[in-house]
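Have the structure open while you read.

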Amino acid sequence: MMKTTAMSVSMRNDALGDAVRAYALEAKYEFLRVLRTPAFAIPSLLFPPLFYLLFGVLLNHGNSAAAHYLFATYSVFGVMAPGLFGFGVAVATERERGLLALKRVAPMPPGAYLAAKMVMAMAFAAIIYFMLAIMAASLCDVRLALAQWLGLGLIAISGVLPFCALGLVIGSRANAAASPAIVNFIYLPMAFLSGLWMPLSMLPKFIGDIAVLWPPYHLAQLALAAMGREHAGSATMHVAFLVAFTAICFALAKRWLARAT
Amino acid sequence: MGDAVENVAQLSAAVKRYGSTLALAGVDLGVRRGEILALLGPNGAGKTTAISLLLGLLRADSGEACLFGMDPALRVARQRTGVMLQNTSLPDTLRVGELIDLFRSYYARPRTVADIIALSGVGDLLDRRYAQLSGGQQRRTQFALAICGCAELLFLDEPTTGLDIEARETMWRAIRRLVDEGCAVVLTTHYLEEAEALADRVVMIAKGRIVAAGSVSDMRARVASRRVRCVSTLAPDAIAGWPDVRSVARDGERMDIVTDKAEAVVLRLLQEDAALKELEVVRAGLADAFVEITREAA
C-alpha cells in the first residue's frame, strides 16, 4: 500500500516535471522564434517609444501634469501592442499554416502554447515600459516614488493580458494576411477613444461617455491611480471589467479555435 | 468486445458534414494493432476528415471515434500516437534539432534523438533552419517530429509527397521498422505504388463512403481485367472489335490492350500477326483497381 502510494506520488512528480519542461521549452522556442524574426521584434519594440517621443515628449512643453498623464497613458498604449500583435497576427498565421493543429495532436500540454505567447508578450511589455520610463524620467521630468514606478510597471505588464485575449479572438478567426490590418484597425482607434493620446476632457463629450466600453480606458485609469493622479471610477471596478473582458475573450477564442482546425 | 481490444483506432458509423457538404457518410473503420492501413481515394473523398476525427481535431456529427478505446481528444490517448499532417509549416526560424527537442518534450516517453535521426535521416539537417530546407527535407523533418514519441499508432497523411526516390525509400524502410516494433500505421497517399509496397490492408474511400476494403491482392482480384502489351502492326480499331476487349491504346508502335480474357486475346494476336514482338501480360495494378472500383461506386 505504502509502496503504491509512493510510486503514484513519484509518477505524479514525473508527469509534473514533464509538463514543466514542455512549458519551459515552448517558451524558450517562442522566444528564439521571435528573436530571430527581427522584422517583427524591432518595430514592435520601437514603435511605442517612438510614438511617445513624437506626441508625448516633443509636442508637450513643460506641463508637468500633462507629462505625467501622457506617461501613464502611453505606457498603456505601449503594452497593448505586444498582446494584440503577438496573439492576433501570430495565432492567425500559425493556425493557417497548420502548426496549431499539429501541436494540438502532437500532443502538446494544453495551455503551453498560449502560456508561451503570454510570457513573450509580458516580456515585450516590460521592455517597452522600461524604455518609456527612462524617456519620461530623463526627457519629461516625470518624478515618481520607487513604489509608483514599480506599481505602474506591474499594471503595464499584467495589463497585457486583456489584449492577449482580444488578439487571440482575432487570431482564431482572421486570415493571416489580413490580421495585421485588423489588429491596427482595432488598436489605434481604441487607443484614441480611450483617451490615451489626449485626455478625454479635450475630446467631444460622447467619446468620453462611451470610453468605459474600451479596455484601454480602464487600464489607463488604473495607471493614473497608481501614479496618484486624478482618475475616474474605482480601481475595483476597473479590475473587474478587465478580468471579465479577458475571460469572455478567452472563452470565445477557445470555442472558435476548437472549430478552426 | 474483441474488436475494441484489437483495434487501436476505430470509427463507428461516423458522419461529418461541412455545411451542406457530406464529408463522411457513416464510415466504419478499424485500425488493427501493428498493421499498415492505406486509405486511398480522390481528393475530397473524406480521407483527411476521417483522420481528423480519429485525432480529435474534429468531432463527428453522429457516430463515434475512438483512439485506444478512449476519446481521441484525451491527451493520454494522443500520447500513444504520432502524426504527420498535410500542409503543415513549422516555424521558419527554428532549427531542425530545436524542433525535435520541443516535440520530444510533449511525450512522457520520448524516443532517443539518435533513434529519431536514424529513422528519419535528418542527421545532416539538425543545425539548419526550417525555412532553409527543401520541400523534401521539410517533409523528412515532419516525419522526424511524428516519431518523437514511441508511438503505437502513426498517422501519415501523404507522407512522401515531394520526396525523391531515395528519400521515399528511406521513409518506407523507417515505416517498416516501426511496424516491426509493433506500431500500426494509417497512411493516406496519392501514390498507389506506395500502398502496394507498404500496406497490409487497403481501404478505398469515395464521396465519404468506404467503397472497398481488403488486402492489396484482394483489391487487384476485384478487377478481372488484365493488360496485354505488345509491338504489332495490327490496326487498333480492329482489335477493339474483338470479344472481351475493353479498350485498346496505341503509343507509337506499342499496343496496350485491356481485356477480361487475356488468353484468348493473346492466341488471336499471335494467329493474326506472326511478326508480333515483346508480348507481355500483366495483372491489373492497384491503379487499375482503383479506377474501376471508384467508377463502380460513382
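This is a predicted model: local features need pLDDT of at least 70, side-chain atom pairs count only at pLDDT 80 or more; totals for chains, interfaces and linings use all residues.

A salt bridge here is a side-chain nitrogen of Lys or Arg within 4 Å of a carboxyl oxygen of Asp or Glu. Residues are numbered from 1 along each chain as its sequence is written, chains are lettered from A and ligands numbered from 1 in the order in which they are written, and side-chain values use heavy atoms, with hydrogens and water left out.

**Where the chains meet**

- Chain A puts 26 residues into the contact and chain B puts in 27 residues, contact meaning heavy atoms within 4.5 Å.
- About 2500 Å² is buried between chain A and chain B, and carbon and sulfur atoms give 58% of that; buried area is the accessible area (1.4 Å probe) that two parts lose on being put together, summed over both.
- Between chain A and chain B there are 3 salt bridges.
- You'll also find 10 residue pairs in polar contact between chain A and chain B, both residues at pLDDT 80 or more. A polar contact is a pair of N or O atoms within 3.5 Å; within protein, one must be able to donate a hydrogen and the other to accept it, and residues adjacent in sequence count only if both atoms are side-chain atoms.
- On the chain A side, helix H1 (2-35) and helix H4 (99-105) each supply at least two of the residues that touch chain B. Helices (H or I, at least four residues) and strands (E, at least two) are DSSP runs, numbered from the N terminus.
- H1(A) gives the most to that side, with 9 residues.
- By class, the side of chain A that touches chain B has 14 nonpolar, 3 polar and 9 charged residues. Ala, Val, Leu, Ile, Met, Phe, Trp, Tyr, Cys and Pro count as nonpolar, Asp, Glu, Lys and Arg as charged, and the others, Gly among them, as polar.

**Cavities**

- On a 1 Å grid over the protein atoms alone, a cavity is a set of points where a 1.4 Å probe fits but cannot get out, and a pocket is an open set with protein on both sides within 12 Å along at least five of seven lines; lining residues have an atom within 4 Å of a point. Grid points are joined across faces, edges and corners, and a volume is the space filled by probe spheres set on the points.
- The count is 3 cavities of 30 Å³ or more.
- The largest cavity holds about 60 Å³ of space, and its lining includes Glu26(A), Arg33(A), Lys103(A), Pro91(B) and Leu102(B).
- H1(A) has the largest share of that lining, 4 residues, and the lining of the largest cavity divides into 5 nonpolar, no polar and 6 charged.
- The second largest cavity is about 40 Å³, with Leu102(A), Phe103(B) and Tyr107(B) among its lining residues.
- The lining of the second largest cavity has 7 nonpolar, no polar and no charged residues.

- The largest pocket comes to about 830 Å³. It is lined by 30 residues, with Arg104(A), Pro110(A), Lys254(A), Leu257(A) and Ala258(A) nearest its centre.
- Elements giving two or more residues to the lining of the largest pocket include helix H11 (235-260) of chain A and strand E1 (7-18) of chain B.
- H11(A) gives the most to this lining, with 6 residues, and the classes are 20 nonpolar, 2 polar and 8 charged.
- The second largest pocket has a volume of about 460 Å³, and Arg33(A), Val34(A), Phe40(A), Ala90(A) and Glu94(A) lie nearest its centre.
- H3(A) gives the most to the lining of the second largest pocket, with 9 residues.

**Charged pairs**

- Over all chains the structure holds 30 salt bridges.
- One of them joins Lys103(A) and Glu26(A), the closest N and O atoms being 2.6 Å apart. That pair links helix H4 and helix H1 of chain A, 77 residues apart.
- Asp256(B) sits in strand E12 (residues 254-259) of chain B, and its side chain makes a polar contact of 3.4 Å with that of Arg229(B).
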